[in-house]
Amino acid sequence: MITVFRYTLRRYRGQIIGWGIGLALLGLLLVSMFDTIGSQTDALNEYLSVFPEEFTAFFGDFTDFGTPEGFVGVEFFSYMPIIIGIFAVMIGSGMLVSDEENGTLDLILSYPVSRTALYTGRMLAFIVASVMILGLAWVGLAVPMSWSSMTIDLDVLALPFVSLLAQIMIFGAISLLFSMLLPSRGMAAMAGGLLLVASFFITGLAKINDTLETVAKISPLNYYQAREAFDGLNGTWIAGILGVSLVFVILAWMLFRQRDIRVGGEGGWRLSLPSLRRGAKIKESA
Amino acid sequence: MSDELVLSAQGLTKSYGRVQALRGIDLEIRRGEVLGYLGPNGAGKTTTIRCLLDLIRPDGGTLRVFGMNPQERSVEVRARSGYLPGELQIDPNRTAREALRYFNALRGNNVDWAYVNELSERLQLDLKTTIKNMSHGNKQKIGIVQALMHKPDLLLLDEPTLGLDPLMQREVLRLIGDAKAEGASVFFSSHIMSEVEAVADRVAIIRKGVVVEEAEPTSLINRAFRRASVRFKQAVDIEQLDKIPGVHVLSRNDGTSVLLQVEGEMENLLKALAALPVIDLETERPSLEEIFLAYYEDEGQEV
């Protein structure tokens, strides 16, 4: 398991560096902008007051935009689940199936490595990679704060990242489960991505439309804290999201243990989607 | 070769949806034995091998490798086996050395690296080259090295010489011979008859998911028909030869020469020829390839 973990983490190097450095640079940019924006708070508040309710529903409360927490909450954490969610969906859906589709899993599982060990090693690598990416993003916000007027306690700054990590876990786990249920990695990624976007919109719209409140309760992003995390994490929400993630991870593990490892599409299935190719029917009947 | 049974399959069945890949495979391999598993594409060779390693789960039948059920003790079975897949895929961004080090790590770092170097030298494999820059044949060499490097008790090779040049094909057959000499059992699938004939102690011919023949290559060849080419001093009545039981005229030339196919004993033919003005008689055994093709002739399958 340790070997699988080590090699998988090594394979995620590019993702860790790319996502981590990217988010860190975004943090650096935002902190640098805060000094300029902070000096024009009154004008900015007047400008933001005309923003429609629908806008604030998705990007958070603008009333304390001039404070460090409010600024970072709106400009960084409000939309971060949808950004980092892409990473979670891509890694989750491809954790095992991408190797299965390219044929390398066939050889790896001919070695004295149990499916459980392979699964656990890769899952651990995903968790560690996620923590490292969020860690780099945290550094990207924390370091420039030392020369900026933006001041947030470093441990408090970590709180929204904890909430974000829980979201990565659930979308990664859902996508992993989809990859065990659906015939291809592409379909699993598509299903995971759709769920991510749907969750974002349902959660946002539920704030302005009461009828969506019930649906929003099953939306993972309903339990995400952006700006709110600075005032204290909701432990129940975090535990709930991680608990549900664990259920999905266990279900995916059970399916992986039982299933055939496919090569060349054997044992797979396809959805009978209508062909979009012009003249496809004519060709087939010819 | 000892009597110790290394692998046994009885009534092994496996379906992919409506496609029945295996319809009741019965096989046995003993310690130190080389079994050539012959069959055309899609006959079920790869499916059989993948069941042995628990990569896929059979629908029915019993399977024992080293006396263990691969579904229950897959890790122990794999620890003592070396596998070369038919369609080998390795992470293309690694060098051959990095890939082999990874495989060694998956085996708990118990591989003698000097032996890896020896195998690489014998196969003329450059370990420093990145896999994506390698030819198909060189990738196949990595596959062969990784299957052999831990000196397994059982080698499962799916078309081991695929993509290799004739010199390397011969070297791979030597490596299989060496493994056998050290007591390893080898189960290898192929549709290249000459290599099976060269190294296999026994051959099993699979057709549509069933083993239709299992025997030693020489016994299979001896049991089968042979060809006889006869030349006569003057034209004779060839029809009389066609009436001999087990003799079939394949071609004739003005009654002065004839090519015959003889099934079973030659006695009746020789008695008939004794009365004719024979100046030359040549007989030849069919190759394993011809025997193999005969199993598929009536099916009209591409081999």
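How many bridges join β11(B) to strand β12 of chain B? Six, and the two strands run antiparallel, with β12(B) covering residues 257-262. One pair to look at is V249(B), whose bridge partner in β12(B) is L260(B). Before going on, keep in mind that this is a predicted model.

**The sheets of chain B**

The pair above belongs to an open sheet of four strands, ordered β11-β12-β10-β13 in chain B and paired in the antiparallel sense. Its edges are β11 (247-253) and β13 (278-284) of chain B, each of which pairs on one side only. On average, neighbouring strands in this sheet are turned by 20 degrees against each other, direction ignored.

Chain B also has an open sheet of three strands, in the order β2-β1-β4, again with antiparallel pairing. Here β2 (19-30) and β4 (60-65) of chain B are the edge strands, pairing on one side only. Strand β1 (residues 5-16) of chain B is joined to β4(B) by five bridges and runs antiparallel to it. Within that pairing, S8(B) stands opposite R64(B) in β4(B). Helix α1 (residues 45-52) of chain B packs on the sheet and touches β1, β2 and β4 of chain B. The direction of this helix makes about 120 degrees with that of β1(B).

Then there's β7(B), residues 185-190, where six of six residues are buried. Both faces are covered: S185(B), F187(B) and S189(B) are buried on one side, and V186(B), F188(B) and S190(B) on the other.

Helix α4 of chain B spans residues 113-122, and its buried residues are V116(B), L119(B) and S120(B). Seen down the axis of α4(B), these buried residues fall within an arc of 100 degrees, so they line one face of the helix. What covers them includes α3 (96-106) and α5 (136-148) of chain B. On the face turned away from the buried side, α4(B) carries the exposed residues A114(B) and E121(B). Just after the helix, Q124(B) takes a positive phi of about 55 degrees.

| Helix pair | Angle | Axis distance |
|---|---|---|
| α9 (115-145) and α11 (159-181) of chain A | about 145 degrees | 10 Å apart |
| α11 and α12 (185-206) of chain A | roughly 145 degrees | within 8 Å |

α9(A) passes α11(A) in a right-handed crossing, and the crossing of α11(A) and α12(A) is right-handed too.

In the contact between α9(A) and α11(A), the α9(A) side is made of F126(A), S130(A), V131(A), L134(A), A137(A) and W138(A). Facing them in α11(A) are F161(A), L164(A), L165(A), I168(A) and G172(A). By class, that contact has nine nonpolar residues, two polar and no charged.

For the contact with α12(A), α11(A) contributes F171(A), I174(A), S175(A), F178(A) and S179(A). Residues on the α12(A) side include R185(A), A188(A), G192(A) and L195(A).

Back in α9 of chain A, G135(A) is part of the helix. Is G135(A) buried or partly exposed? It counts as partly exposed, because G135(A) has 15 C-beta neighbours inside 10 Å. Its C-alpha atom is separated by 22 Å from that of L246(A), 111 residues apart along the chain.

**Where the chains meet**

Finally, the interface: 20 residues of chain A are in contact with 21 residues of chain B. On the chain A side, the elements giving two or more residues are α1 (2-11) and α8 (104-108) of chain A. The largest share, four residues, comes from α8(A). By class, the side of chain A that touches chain B has nine nonpolar, eight polar and three charged residues.

Conventions. Residues numbered from 1 in each chain as written. Chains lettered and ligands numbered in written order. Predicted model: local features only at pLDDT ≥ 70, side-chain atom pairs only at ≥ 80, totals over all residues. Contact = placed C-beta atoms within 7 Å. Nonpolar A, V, L, I, M, F, W, Y, C, P; charged D, E, K, R; others polar. Pairing = 2+ DSSP bridges. Axes fitted to C-alpha atoms, helices over the stretch in contact; angles between N-to-C directions. Left-handed = near helix turned anticlockwise from the far one by under 90°. Buried ≥ 20, exposed ≤ 12 C-beta atoms within 10 Å, placed from the backbone. Arc of directions from axis to C-beta.
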